[in-house]
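Hi,

Here is the model I promised to pass on. Have a look first, and my notes follow below.

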Amino acid sequence: MPARSEEDKPCLVETRQGLSVLYKNRYLYSKYNPAVGIERLVESLEIREATLVLCFSPVLGYGLQQLATKMPQNAFMLVVEVDPQLMEFYDTAAIPAQAGFFSARQLEDLYKILTRKNQVAENGVRIPPPGSFKYCVRVDFSGSPALHQAEYQAIHQTAELAVANFWKNRLTLIKMGRLYHRNMLRNLALLPWGKDIPAAKVDRPILVLGAGPSADDTIQQLERLSLDQRKNLCLLAVDAAVPALLARKLKPDLVLALECQHTIQQAYTTAREQQLFLLADLTSRPSILHEDTGFRAATGNNGGAEGTQEASEQNCTGGMTAFFSTEFAPTTFLERLHRLGLVNQLLPPLGSVGLAALEMAILLRKSGEIPVFVSGLDFSYGLGRTHCKESFQTRGNLMRCSRLSPPGSYESLSNPTTEKREGKTGPVYSDQILTHYAQIFMNRFQGAAKLFDLGNSGLDLGLPQLNFATAWEKLVPQKEQNQQASLGCCTAAPLQLATEDKRNRRKQVEEFYCQEEAMLKELRDGLSQGGISKERIRVILEEADYLYLHFPDGYKPSLDTSFLKRVRSEIDFFLKDIAIGKRIVARK
(Lines give C-alpha, C1' and ligand atoms only; values in the text may rest on other atoms or scores of the structure.)
Protein backbone atom coordinates (compact mmCIF):
# COMPACT_ATOMS: atom_id res chain seq x y z
CA MET A 1 0.00 0.00 0.00
CA PRO A 2 1.39 3.47 -0.81
CA ALA A 3 2.59 5.48 2.16
CA ARG A 4 0.18 8.07 3.48
CA SER A 5 1.01 11.67 2.83
CA GLU A 6 2.23 13.94 5.62
CA GLU A 7 -0.45 14.86 8.19
CA ASP A 8 -2.83 12.43 6.49
CA LYS A 9 -3.55 14.72 3.56
CA PRO A 10 -5.33 13.26 0.52
CA CYS A 11 -3.17 12.06 -2.34
CA LEU A 12 -3.74 10.60 -5.79
CA VAL A 13 -3.07 6.91 -6.23
CA GLU A 14 -2.48 5.18 -9.58
CA THR A 15 -4.51 1.98 -9.97
CA ARG A 16 -4.75 -0.53 -12.82
CA GLN A 17 -7.71 1.25 -14.42
CA GLY A 18 -7.39 4.90 -13.42
CA LEU A 19 -6.75 7.26 -10.54
CA SER A 20 -8.14 6.93 -7.04
CA VAL A 21 -7.67 9.07 -3.91
CA LEU A 22 -6.17 7.86 -0.64
CA TYR A 23 -7.39 9.91 2.31
CA LYS A 24 -7.21 9.15 6.04
CA ASN A 25 -6.02 5.63 5.31
CA ARG A 26 -9.02 5.03 3.09
CA TYR A 27 -9.55 4.82 -0.66
CA LEU A 28 -12.31 7.19 -1.77
CA TYR A 29 -12.75 5.06 -4.91
CA SER A 30 -12.02 1.43 -5.65
CA LYS A 31 -8.29 0.67 -5.78
CA TYR A 32 -8.93 -1.68 -8.70
CA ASN A 33 -11.39 0.17 -10.94
CA PRO A 34 -12.18 3.62 -9.49
CA ALA A 35 -14.93 4.67 -11.90
CA VAL A 36 -16.98 1.49 -12.23
CA GLY A 37 -18.84 1.70 -8.90
CA ILE A 38 -20.26 5.18 -9.33
CA GLU A 39 -20.98 4.61 -13.02
CA ARG A 40 -23.10 1.56 -12.19
CA LEU A 41 -24.92 3.57 -9.51
CA VAL A 42 -25.65 6.41 -11.94
CA GLU A 43 -26.84 3.94 -14.55
CA SER A 44 -29.38 2.54 -12.07
CA LEU A 45 -30.83 5.93 -11.16
CA GLU A 46 -34.23 7.08 -12.41
CA ILE A 47 -34.38 10.86 -12.11
CA ARG A 48 -37.89 12.32 -12.13
CA GLU A 49 -38.76 15.72 -13.51
CA ALA A 50 -38.45 18.73 -11.16
CA THR A 51 -35.79 16.95 -9.07
CA LEU A 52 -32.87 18.58 -7.25
CA VAL A 53 -29.98 16.09 -7.39
CA LEU A 54 -27.35 16.60 -4.69
CA CYS A 55 -24.04 15.28 -6.04
CA PHE A 56 -21.94 14.81 -2.91
CA SER A 57 -18.16 14.93 -3.21
CA PRO A 58 -17.48 13.86 -6.82
CA VAL A 59 -13.78 14.47 -6.25
CA LEU A 60 -12.43 13.16 -9.56
CA GLY A 61 -15.64 13.73 -11.49
CA TYR A 62 -16.43 10.09 -12.25
CA GLY A 63 -20.08 9.67 -13.26
CA LEU A 64 -20.98 13.38 -13.42
CA GLN A 65 -21.21 13.65 -17.20
CA GLN A 66 -23.04 10.35 -17.34
CA LEU A 67 -25.63 11.68 -14.87
CA ALA A 68 -25.97 14.93 -16.80
CA THR A 69 -27.08 13.02 -19.90
CA LYS A 70 -29.86 11.33 -17.88
CA MET A 71 -31.23 14.53 -16.33
CA PRO A 72 -34.70 15.72 -17.40
CA GLN A 73 -34.73 19.25 -18.75
CA ASN A 74 -36.33 20.73 -15.61
CA ALA A 75 -34.13 18.86 -13.10
CA PHE A 76 -30.92 20.33 -11.67
CA MET A 77 -27.57 19.03 -10.41
CA LEU A 78 -25.94 20.61 -7.37
CA VAL A 79 -22.33 19.52 -6.81
CA VAL A 80 -21.32 19.82 -3.13
CA GLU A 81 -17.96 19.47 -1.40
CA VAL A 82 -17.44 20.19 2.31
CA ASP A 83 -13.80 19.14 2.70
CA PRO A 84 -11.42 21.97 1.69
CA GLN A 85 -8.50 19.52 1.38
CA LEU A 86 -10.24 17.71 -1.48
CA MET A 87 -10.83 20.87 -3.49
CA GLU A 88 -7.40 20.70 -5.15
CA PHE A 89 -8.42 17.50 -6.98
CA TYR A 90 -11.49 19.04 -8.64
CA ASP A 91 -11.36 19.60 -12.36
CA THR A 92 -13.83 22.31 -13.33
CA ALA A 93 -14.08 20.79 -16.79
CA ALA A 94 -15.49 17.61 -15.22
CA ILE A 95 -18.43 19.51 -13.70
CA PRO A 96 -21.25 19.73 -16.25
CA ALA A 97 -21.88 23.24 -17.52
CA GLN A 98 -25.49 23.18 -16.28
CA ALA A 99 -24.61 22.02 -12.75
CA GLY A 100 -24.15 24.37 -9.81
CA PHE A 101 -21.17 23.96 -7.48
CA PHE A 102 -20.91 24.72 -3.77
CA SER A 103 -17.99 24.40 -1.40
CA ALA A 104 -17.91 24.82 2.37
CA ARG A 105 -17.81 28.60 1.98
CA GLN A 106 -21.40 28.87 0.76
CA LEU A 107 -23.07 26.01 2.57
CA GLU A 108 -24.25 28.11 5.52
CA ASP A 109 -26.46 30.03 3.08
CA LEU A 110 -27.81 26.93 1.31
CA TYR A 111 -31.37 27.30 2.63
CA LYS A 112 -31.52 30.94 1.59
CA ILE A 113 -30.05 30.15 -1.81
CA LEU A 114 -32.69 27.50 -2.49
CA THR A 115 -35.59 29.67 -1.33
CA ARG A 116 -34.81 32.98 -3.05
CA LYS A 117 -34.87 34.18 -6.61
CA ASN A 118 -31.82 35.10 -8.69
CA GLN A 119 -29.27 33.08 -6.73
CA VAL A 120 -25.94 32.06 -8.27
CA ALA A 121 -23.72 29.08 -7.43
CA GLU A 122 -20.01 29.38 -6.75
CA ASN A 123 -19.16 28.47 -10.36
CA GLY A 124 -21.48 31.17 -11.74
CA VAL A 125 -24.39 28.89 -12.67
CA ARG A 126 -27.81 30.38 -11.90
CA ILE A 127 -29.91 28.38 -9.44
CA PRO A 128 -33.47 27.71 -10.67
CA PRO A 129 -36.03 29.89 -8.86
CA PRO A 130 -38.13 28.62 -5.92
CA GLY A 131 -40.87 26.27 -7.07
CA SER A 132 -38.66 24.58 -9.64
CA PHE A 133 -38.24 21.43 -7.53
CA LYS A 134 -40.65 18.88 -6.11
CA TYR A 135 -38.14 16.19 -5.15
CA CYS A 136 -34.65 16.04 -3.68
CA VAL A 137 -32.25 13.12 -4.29
CA ARG A 138 -28.83 12.49 -2.78
CA VAL A 139 -26.03 10.70 -4.67
CA ASP A 140 -22.67 9.96 -2.99
CA PHE A 141 -20.01 10.02 -5.71
CA SER A 142 -17.06 8.97 -3.55
CA GLY A 143 -16.22 7.68 -0.09
CA SER A 144 -15.77 11.18 1.29
CA PRO A 145 -19.39 11.59 2.56
CA ALA A 146 -18.74 8.62 4.88
CA LEU A 147 -15.95 10.67 6.48
CA HIS A 148 -18.28 13.66 6.99
CA GLN A 149 -21.60 11.98 7.67
CA ALA A 150 -23.05 14.70 9.92
CA GLU A 151 -22.23 17.53 7.51
CA TYR A 152 -23.64 15.86 4.41
CA GLN A 153 -26.71 14.63 6.27
CA ALA A 154 -27.38 18.20 7.44
CA ILE A 155 -27.03 19.49 3.87
CA HIS A 156 -29.44 16.86 2.60
CA GLN A 157 -31.97 17.72 5.30
CA THR A 158 -31.61 21.44 4.61
CA ALA A 159 -32.23 20.94 0.89
CA GLU A 160 -35.23 18.69 1.53
CA LEU A 161 -36.59 21.23 4.00
CA ALA A 162 -36.18 24.06 1.50
CA VAL A 163 -38.07 22.11 -1.18
CA ALA A 164 -40.81 20.95 1.20
CA ASN A 165 -41.22 24.37 2.82
CA PHE A 166 -41.78 26.05 -0.52
CA TRP A 167 -44.82 23.91 -1.25
CA LYS A 168 -46.10 24.15 2.32
CA ASN A 169 -45.70 27.92 2.13
CA ARG A 170 -47.58 27.84 -1.18
CA LEU A 171 -50.57 26.32 0.61
CA THR A 172 -50.35 29.09 3.21
CA LEU A 173 -50.07 31.76 0.53
CA ILE A 174 -53.08 30.42 -1.35
CA LYS A 175 -55.12 30.81 1.81
CA MET A 176 -53.52 33.89 3.37
CA GLY A 177 -51.46 35.64 0.68
CA ARG A 178 -54.05 38.25 -0.21
CA LEU A 179 -54.59 39.15 3.46
CA TYR A 180 -50.84 39.40 4.08
CA HIS A 181 -50.40 41.94 1.31
CA ARG A 182 -53.55 43.93 2.07
CA ASN A 183 -52.41 44.31 5.68
CA MET A 184 -48.95 45.37 4.52
CA LEU A 185 -50.32 48.06 2.24
CA ARG A 186 -52.31 49.52 5.14
CA ASN A 187 -49.59 49.18 7.78
CA LEU A 188 -46.96 50.90 5.64
CA ALA A 189 -48.71 54.16 6.56
CA LEU A 190 -47.50 53.75 10.16
CA LEU A 191 -43.79 53.43 9.36
CA PRO A 192 -42.93 57.13 9.81
CA TRP A 193 -44.24 57.06 13.38
CA GLY A 194 -42.82 53.75 14.48
CA LYS A 195 -39.61 53.04 16.34
CA ASP A 196 -36.56 51.19 15.12
CA ILE A 197 -36.01 47.55 16.04
CA PRO A 198 -33.37 47.66 18.85
CA ALA A 199 -31.06 45.27 17.02
CA ALA A 200 -27.93 44.26 18.97
CA LYS A 201 -28.82 46.59 21.85
CA VAL A 202 -30.35 44.38 24.53
CA ASP A 203 -27.59 43.88 27.08
CA ARG A 204 -29.32 41.54 29.55
CA PRO A 205 -30.62 37.97 29.34
CA ILE A 206 -33.76 37.54 27.24
CA LEU A 207 -36.65 35.23 28.06
CA VAL A 208 -38.74 34.27 25.03
CA LEU A 209 -42.17 33.23 26.29
CA GLY A 210 -44.53 31.30 24.04
CA ALA A 211 -48.12 30.38 24.84
CA GLY A 212 -47.71 26.61 25.25
CA PRO A 213 -48.67 24.83 28.50
CA SER A 214 -45.07 24.86 29.78
CA ALA A 215 -45.30 28.66 30.07
CA ASP A 216 -47.46 28.29 33.19
CA ASP A 217 -44.58 27.21 35.43
CA THR A 218 -42.31 29.94 34.06
CA ILE A 219 -44.98 32.60 34.64
CA GLN A 220 -45.33 31.43 38.25
CA GLN A 221 -41.57 31.73 38.71
CA LEU A 222 -41.60 35.24 37.23
CA GLU A 223 -44.41 36.22 39.58
CA ARG A 224 -42.22 35.39 42.58
CA LEU A 225 -39.52 37.83 41.50
CA SER A 226 -39.42 41.34 42.90
CA LEU A 227 -39.73 44.30 40.56
CA ASP A 228 -36.00 45.02 40.89
CA GLN A 229 -35.19 41.39 40.09
CA ARG A 230 -37.45 41.45 37.04
CA LYS A 231 -35.46 44.33 35.63
CA ASN A 232 -32.47 42.03 35.26
CA LEU A 233 -34.35 40.12 32.55
CA CYS A 234 -35.83 41.20 29.21
CA LEU A 235 -39.18 39.46 28.71
CA LEU A 236 -40.13 38.99 25.05
CA ALA A 237 -43.58 37.40 24.80
CA VAL A 238 -45.63 36.23 21.85
CA ASP A 239 -48.97 38.01 21.61
CA ALA A 240 -51.02 34.94 22.61
CA ALA A 241 -49.17 34.87 25.96
CA VAL A 242 -50.04 38.47 26.84
CA PRO A 243 -53.34 37.72 28.71
CA ALA A 244 -51.61 35.09 30.85
CA LEU A 245 -48.89 37.57 31.86
CA LEU A 246 -51.23 40.48 32.53
CA ALA A 247 -53.47 38.22 34.65
CA ARG A 248 -50.46 37.87 37.00
CA LYS A 249 -49.68 41.61 36.79
CA LEU A 250 -46.56 40.91 34.71
CA LYS A 251 -45.90 43.36 31.91
CA PRO A 252 -43.68 42.06 29.09
CA ASP A 253 -40.92 44.35 27.89
CA LEU A 254 -41.59 43.44 24.27
CA VAL A 255 -44.44 41.66 22.48
CA LEU A 256 -44.05 40.00 19.10
CA ALA A 257 -47.12 40.48 16.88
CA LEU A 258 -47.28 38.22 13.83
CA GLU A 259 -50.87 37.05 13.34
CA CYS A 260 -52.81 38.66 10.49
CA GLN A 261 -56.32 37.39 11.25
CA HIS A 262 -59.15 38.81 13.33
CA THR A 263 -58.95 36.15 16.05
CA ILE A 264 -55.70 37.54 17.49
CA GLN A 265 -57.53 40.63 18.73
CA GLN A 266 -58.71 38.51 21.67
CA ALA A 267 -55.12 38.48 22.95
CA TYR A 268 -55.32 42.24 23.55
CA THR A 269 -58.70 42.54 25.28
CA THR A 270 -57.03 43.00 28.70
CA ALA A 271 -54.12 45.07 27.37
CA ARG A 272 -55.84 48.46 26.97
CA GLU A 273 -53.76 51.26 28.51
CA GLN A 274 -50.92 48.81 29.27
CA GLN A 275 -48.63 50.62 26.81
CA LEU A 276 -47.01 47.48 25.43
CA PHE A 277 -44.12 47.83 23.03
CA LEU A 278 -45.01 45.77 19.97
CA LEU A 279 -42.49 44.30 17.53
CA ALA A 280 -44.89 43.85 14.65
CA ASP A 281 -44.73 42.14 11.32
CA LEU A 282 -46.03 44.37 8.55
CA THR A 283 -48.56 41.64 7.79
CA SER A 284 -50.06 41.89 11.31
CA ARG A 285 -53.71 42.69 11.93
CA PRO A 286 -54.04 46.48 11.28
CA SER A 287 -56.53 47.12 14.10
CA ILE A 288 -53.85 45.91 16.58
CA LEU A 289 -51.25 48.34 15.31
CA HIS A 290 -53.53 51.36 14.92
CA GLU A 291 -55.26 52.87 17.93
CA ASP A 292 -58.90 51.89 17.38
CA THR A 293 -60.61 55.27 17.02
CA GLY A 294 -57.90 56.59 14.73
CA PHE A 295 -58.06 53.54 12.50
CA ARG A 296 -61.85 53.80 12.18
CA ALA A 297 -61.50 57.47 11.32
CA ALA A 298 -58.89 56.87 8.63
CA THR A 299 -60.86 54.02 7.03
CA GLY A 300 -64.23 55.71 7.37
CA ASN A 301 -65.45 52.74 9.45
CA ASN A 302 -67.06 54.74 12.27
CA GLY A 303 -70.71 53.92 12.05
CA GLY A 304 -71.37 56.05 9.00
CA ALA A 305 -70.08 59.33 10.44
CA GLU A 306 -67.50 61.28 8.52
CA GLY A 307 -64.03 60.39 9.79
CA THR A 308 -62.66 63.50 11.48
CA GLN A 309 -60.43 62.13 14.23
CA GLU A 310 -56.67 62.06 14.03
CA ALA A 311 -55.12 58.62 13.53
CA SER A 312 -53.10 57.77 16.64
CA GLU A 313 -49.40 56.97 16.65
CA GLN A 314 -50.04 54.36 19.34
CA ASN A 315 -51.02 50.73 19.02
CA CYS A 316 -54.19 49.32 20.59
CA THR A 317 -52.49 49.08 24.02
CA GLY A 318 -51.41 52.73 23.99
CA GLY A 319 -47.77 51.81 23.39
CA MET A 320 -45.27 52.18 20.58
CA THR A 321 -44.62 49.85 17.64
CA ALA A 322 -41.48 48.84 15.75
CA PHE A 323 -41.89 47.10 12.42
CA PHE A 324 -40.15 44.22 10.70
CA SER A 325 -41.21 41.78 8.01
CA THR A 326 -40.91 38.07 7.57
CA GLU A 327 -39.91 36.80 4.15
CA PHE A 328 -43.08 34.75 3.92
CA ALA A 329 -42.40 34.33 0.19
CA PRO A 330 -39.56 35.31 -2.17
CA THR A 331 -41.55 38.24 -3.58
CA THR A 332 -40.40 41.14 -5.70
CA PHE A 333 -42.72 43.36 -3.66
CA LEU A 334 -40.77 42.63 -0.46
CA GLU A 335 -37.50 43.14 -2.30
CA ARG A 336 -38.71 46.56 -3.47
CA LEU A 337 -39.72 47.59 0.06
CA HIS A 338 -36.33 46.48 1.37
CA ARG A 339 -34.50 48.25 -1.44
CA LEU A 340 -36.41 51.48 -0.75
CA GLY A 341 -35.55 51.26 2.94
CA LEU A 342 -39.18 50.91 4.03
CA VAL A 343 -38.42 47.47 5.49
CA ASN A 344 -35.08 47.33 7.30
CA GLN A 345 -35.38 44.09 9.28
CA LEU A 346 -36.26 40.87 7.46
CA LEU A 347 -36.77 37.58 9.30
CA PRO A 348 -36.77 34.21 7.54
CA PRO A 349 -40.11 32.45 6.93
CA LEU A 350 -40.32 30.27 10.04
CA GLY A 351 -44.12 29.90 10.12
CA SER A 352 -44.57 30.00 13.90
CA VAL A 353 -44.77 33.11 16.07
CA GLY A 354 -42.64 31.33 18.68
CA LEU A 355 -39.87 30.64 16.17
CA ALA A 356 -40.04 34.24 14.97
CA ALA A 357 -39.79 35.46 18.59
CA LEU A 358 -36.62 33.45 19.17
CA GLU A 359 -35.16 34.70 15.88
CA MET A 360 -35.95 38.24 17.01
CA ALA A 361 -34.33 37.65 20.42
CA ILE A 362 -31.09 36.57 18.75
CA LEU A 363 -31.26 39.71 16.62
CA LEU A 364 -31.86 41.90 19.68
CA ARG A 365 -29.14 40.63 22.03
CA LYS A 366 -26.01 42.71 22.13
CA SER A 367 -23.66 39.78 21.67
CA GLY A 368 -23.62 36.01 21.50
CA GLU A 369 -22.60 35.96 25.17
CA ILE A 370 -26.03 37.21 26.25
CA PRO A 371 -28.10 34.13 27.19
CA VAL A 372 -31.55 33.58 25.67
CA PHE A 373 -34.09 31.35 27.43
CA VAL A 374 -37.21 29.87 25.86
CA SER A 375 -40.37 28.56 27.49
CA GLY A 376 -43.85 27.83 26.19
CA LEU A 377 -42.54 26.66 22.81
CA ASP A 378 -43.91 23.14 23.20
CA PHE A 379 -45.12 22.31 19.67
CA SER A 380 -47.44 19.82 21.35
CA TYR A 381 -50.27 19.59 23.86
CA GLY A 382 -51.60 17.34 26.56
CA LEU A 383 -55.11 16.05 27.02
CA GLY A 384 -57.65 18.86 27.10
CA ARG A 385 -55.40 21.95 26.87
CA THR A 386 -53.34 23.32 24.01
CA HIS A 387 -52.19 26.64 25.52
CA CYS A 388 -51.19 28.10 28.86
CA LYS A 389 -53.73 29.17 31.48
CA GLU A 390 -55.41 32.55 30.96
CA SER A 391 -54.55 32.54 27.24
CA PHE A 392 -57.54 33.53 25.13
CA GLN A 393 -57.59 30.04 23.59
CA THR A 394 -57.92 28.35 27.00
CA ARG A 395 -60.42 30.89 28.31
CA GLY A 396 -62.49 30.53 25.16
CA ASN A 397 -62.68 26.78 25.68
CA LEU A 398 -63.82 27.27 29.26
CA MET A 399 -66.49 29.76 28.26
CA ARG A 400 -67.94 27.31 25.73
CA CYS A 401 -68.10 24.36 28.10
CA SER A 402 -71.34 22.87 29.42
CA ARG A 403 -72.60 19.61 30.88
CA LEU A 404 -72.69 18.15 27.38
CA SER A 405 -69.40 19.76 26.35
CA PRO A 406 -66.86 19.37 29.16
CA PRO A 407 -63.93 21.80 29.47
CA GLY A 408 -60.90 21.04 27.38
CA SER A 409 -59.75 21.14 23.78
CA TYR A 410 -60.29 17.55 22.79
CA GLU A 411 -61.12 18.44 19.19
CA SER A 412 -57.37 18.88 18.59
CA LEU A 413 -57.00 15.14 19.16
CA SER A 414 -59.39 14.41 16.29
CA ASN A 415 -56.87 15.81 13.81
CA PRO A 416 -55.94 12.82 11.61
CA THR A 417 -52.25 13.81 11.76
CA THR A 418 -52.15 13.92 15.57
CA GLU A 419 -49.89 11.29 17.11
CA LYS A 420 -48.63 10.48 20.57
CA ARG A 421 -44.93 11.29 20.78
CA GLU A 422 -42.28 11.12 23.44
CA GLY A 423 -41.77 14.54 25.01
CA LYS A 424 -39.26 15.93 27.49
CA THR A 425 -40.96 14.43 30.53
CA GLY A 426 -43.43 11.95 29.06
CA PRO A 427 -45.88 11.35 26.20
CA VAL A 428 -47.44 14.34 24.47
CA TYR A 429 -49.63 14.83 21.43
CA SER A 430 -48.42 16.65 18.34
CA ASP A 431 -49.79 17.00 14.83
CA GLN A 432 -48.00 17.26 11.51
CA ILE A 433 -47.78 21.06 11.51
CA LEU A 434 -46.44 21.36 15.07
CA THR A 435 -43.93 18.57 14.47
CA HIS A 436 -42.79 20.43 11.34
CA TYR A 437 -42.24 23.59 13.40
CA ALA A 438 -40.20 21.59 15.93
CA GLN A 439 -38.04 20.26 13.10
CA ILE A 440 -37.47 23.79 11.79
CA PHE A 441 -36.56 24.86 15.34
CA MET A 442 -33.92 22.15 15.70
CA ASN A 443 -32.48 22.71 12.22
CA ARG A 444 -32.14 26.44 12.81
CA PHE A 445 -31.28 26.85 16.49
CA GLN A 446 -29.70 23.62 17.69
CA GLY A 447 -26.10 24.35 18.61
CA ALA A 448 -26.58 28.14 18.73
CA ALA A 449 -24.60 29.90 21.45
CA LYS A 450 -26.19 30.56 24.83
CA LEU A 451 -29.68 29.24 24.04
CA PHE A 452 -31.44 27.36 26.85
CA ASP A 453 -34.82 25.66 27.24
CA LEU A 454 -36.75 26.35 30.47
CA GLY A 455 -39.89 24.50 29.34
CA ASN A 456 -40.85 21.46 31.40
CA SER A 457 -43.05 19.83 28.78
CA GLY A 458 -43.45 19.49 25.04
CA LEU A 459 -41.22 18.11 22.30
CA ASP A 460 -37.47 18.13 22.69
CA LEU A 461 -36.03 21.29 21.12
CA GLY A 462 -32.41 20.15 21.00
CA LEU A 463 -31.33 22.86 23.47
CA PRO A 464 -29.71 22.45 26.89
CA GLN A 465 -32.50 22.20 29.46
CA LEU A 466 -32.46 24.20 32.69
CA ASN A 467 -34.96 24.90 35.44
CA PHE A 468 -35.79 28.50 36.23
CA ALA A 469 -33.89 28.61 39.53
CA THR A 470 -30.68 27.31 37.99
CA ALA A 471 -30.92 29.71 35.06
CA TRP A 472 -31.59 32.63 37.38
CA GLU A 473 -28.73 31.89 39.77
CA LYS A 474 -26.05 31.03 37.21
CA LEU A 475 -26.86 33.00 34.07
CA VAL A 476 -28.80 36.12 35.06
CA PRO A 477 -26.45 38.76 36.49
CA GLN A 478 -27.93 40.56 39.51
CA LYS A 479 -27.18 44.23 39.02
CA GLU A 480 -28.81 47.60 39.44
CA GLN A 481 -30.60 48.77 36.34
CA ASN A 482 -30.87 52.15 34.67
CA GLN A 483 -34.42 53.24 35.53
CA GLN A 484 -34.46 55.65 32.58
CA ALA A 485 -33.78 53.01 29.93
CA SER A 486 -36.03 53.46 26.94
CA LEU A 487 -37.31 49.91 26.88
CA GLY A 488 -36.77 48.43 30.30
CA CYS A 489 -34.73 45.76 28.52
CA CYS A 490 -32.18 47.90 26.79
CA THR A 491 -29.74 50.54 28.05
CA ALA A 492 -29.54 52.15 24.62
CA ALA A 493 -30.74 55.66 23.82
CA PRO A 494 -34.43 56.11 22.91
CA LEU A 495 -35.21 54.60 19.56
CA GLN A 496 -37.95 57.05 18.49
CA LEU A 497 -37.32 58.43 15.03
CA ALA A 498 -36.21 62.06 14.93
CA THR A 499 -38.70 64.65 13.61
CA GLU A 500 -36.75 65.12 10.38
CA ASP A 501 -36.54 61.36 9.87
CA LYS A 502 -40.30 61.14 10.37
CA ARG A 503 -40.87 63.84 7.79
CA ASN A 504 -38.62 62.14 5.26
CA ARG A 505 -40.14 58.71 5.91
CA ARG A 506 -43.66 60.13 5.56
CA LYS A 507 -42.77 61.68 2.22
CA GLN A 508 -41.20 58.39 1.11
CA VAL A 509 -44.33 56.42 2.05
CA GLU A 510 -46.62 58.91 0.29
CA GLU A 511 -44.50 58.71 -2.87
CA PHE A 512 -44.58 54.92 -2.73
CA TYR A 513 -48.37 54.90 -2.46
CA CYS A 514 -48.75 57.31 -5.39
CA GLN A 515 -46.39 55.33 -7.62
CA GLU A 516 -48.01 52.02 -6.68
CA GLU A 517 -51.48 53.39 -7.34
CA ALA A 518 -50.45 54.76 -10.74
CA MET A 519 -48.88 51.42 -11.72
CA LEU A 520 -51.98 49.41 -10.76
CA LYS A 521 -54.29 51.81 -12.56
CA GLU A 522 -52.13 51.56 -15.65
CA LEU A 523 -52.46 47.78 -15.58
CA ARG A 524 -56.19 47.91 -14.82
CA ASP A 525 -56.92 50.28 -17.70
CA GLY A 526 -54.63 48.37 -20.05
CA LEU A 527 -56.31 45.04 -19.32
CA SER A 528 -59.79 46.56 -19.57
CA GLN A 529 -59.32 48.86 -22.58
CA GLY A 530 -56.19 47.62 -24.32
CA GLY A 531 -53.31 49.78 -25.41
CA ILE A 532 -50.70 48.15 -23.19
CA SER A 533 -47.90 45.94 -24.48
CA LYS A 534 -47.21 42.41 -23.27
CA GLU A 535 -43.76 43.50 -22.20
CA ARG A 536 -45.22 46.22 -19.97
CA ILE A 537 -47.77 43.79 -18.51
CA ARG A 538 -44.96 41.37 -17.72
CA VAL A 539 -42.93 44.12 -15.99
CA ILE A 540 -45.87 45.21 -13.82
CA LEU A 541 -46.75 41.62 -12.93
CA GLU A 542 -43.18 41.06 -11.80
CA GLU A 543 -43.16 44.25 -9.72
CA ALA A 544 -46.65 43.81 -8.20
CA ASP A 545 -46.56 40.06 -7.64
CA TYR A 546 -48.93 40.43 -4.67
CA LEU A 547 -51.72 40.57 -7.27
CA TYR A 548 -51.47 36.83 -7.96
CA LEU A 549 -49.25 35.08 -5.39
CA HIS A 550 -52.37 33.69 -3.71
CA PHE A 551 -53.51 31.99 -6.94
CA PRO A 552 -52.97 28.20 -6.94
CA ASP A 553 -50.72 28.70 -9.99
CA GLY A 554 -49.42 32.05 -8.80
CA TYR A 555 -45.80 31.21 -8.01
CA LYS A 556 -44.88 32.61 -11.43
CA PRO A 557 -46.60 35.22 -13.65
CA SER A 558 -48.38 34.27 -16.85
CA LEU A 559 -49.80 36.15 -19.84
CA ASP A 560 -52.58 33.62 -20.38
CA THR A 561 -55.98 35.25 -20.76
CA SER A 562 -57.49 33.36 -17.82
CA PHE A 563 -54.61 34.39 -15.57
CA LEU A 564 -54.86 38.07 -16.56
CA LYS A 565 -58.63 38.08 -16.00
CA ARG A 566 -58.06 36.92 -12.45
CA VAL A 567 -55.35 39.58 -11.99
CA ARG A 568 -57.76 42.25 -13.24
CA SER A 569 -60.33 41.25 -10.63
CA GLU A 570 -57.74 41.64 -7.84
CA ILE A 571 -56.56 45.14 -8.73
CA ASP A 572 -59.57 46.95 -7.24
CA PHE A 573 -59.07 45.28 -3.85
CA PHE A 574 -55.50 46.49 -3.59
CA LEU A 575 -56.30 49.98 -4.90
CA LYS A 576 -58.75 50.28 -2.01
CA ASP A 577 -56.05 49.34 0.50
CA ILE A 578 -53.63 51.84 -1.01
CA ALA A 579 -56.32 54.53 -0.72
CA ILE A 580 -56.82 53.65 2.97
CA GLY A 581 -53.08 53.82 3.54
CA LYS A 582 -52.92 57.22 1.89
CA ARG A 583 -55.71 58.52 4.15
CA ILE A 584 -53.99 57.15 7.26
CA VAL A 585 -50.64 58.73 6.48
CA ALA A 586 -52.34 62.03 5.52
CA ARG A 587 -54.20 62.26 8.84
CA LYS A 588 -51.14 61.97 11.04
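Let me start with helix 6 (residues 215-224), whose buried residues pack against strand 7 (206-209), helix 7 (227-230), strand 8 (234-238), helix 8 (242-247), strand 13 (372-375) and helix 15 (468-475). Contact here means heavy atoms within 4.5 Å, and helices (H or I, at least four residues) and strands (E, at least two) are DSSP runs, numbered from the N terminus. The residues in question are Ala215, Asp216, Thr218, Ile219 and Leu222, with buried meaning under 20% relative accessible area (1.4 Å probe, protein chains only).

Before I go on: this is a predicted model, so local features need pLDDT of at least 70 and side-chain atom pairs pLDDT 80 or more, while totals for chains, interfaces and linings use all residues. Residues are numbered from 1 along each chain as its sequence is written, and side-chain values use heavy atoms, leaving out hydrogens and water.

Four strands make an open, parallel sheet in the order 5-4-3-6, with strand 5 (100-102) and strand 6 (135-140) at the edges, each pairing on one side only. Pairing takes at least two DSSP bridges between two strands; strand 3 (residues 51-56) and strand 6 have six. Leu54 has Arg138 in strand 6 as its bridge partner.

Finally, Leu67 sits in helix 2 (residues 64-70) and is buried, at 0% relative accessible area. Leaving aside residues up to four places away in sequence, Leu67 touches Val42, Leu45, Ile47, Val53, Cys55, Met77 and Phe141. Its C-alpha atom is 7.8 Å from that of Glu43, 24 residues apart along the chain.

Cheers

Methods: Buried < 20%, exposed > 50% of the residue type's maximum accessible area, 1.4 Å probe, protein only.
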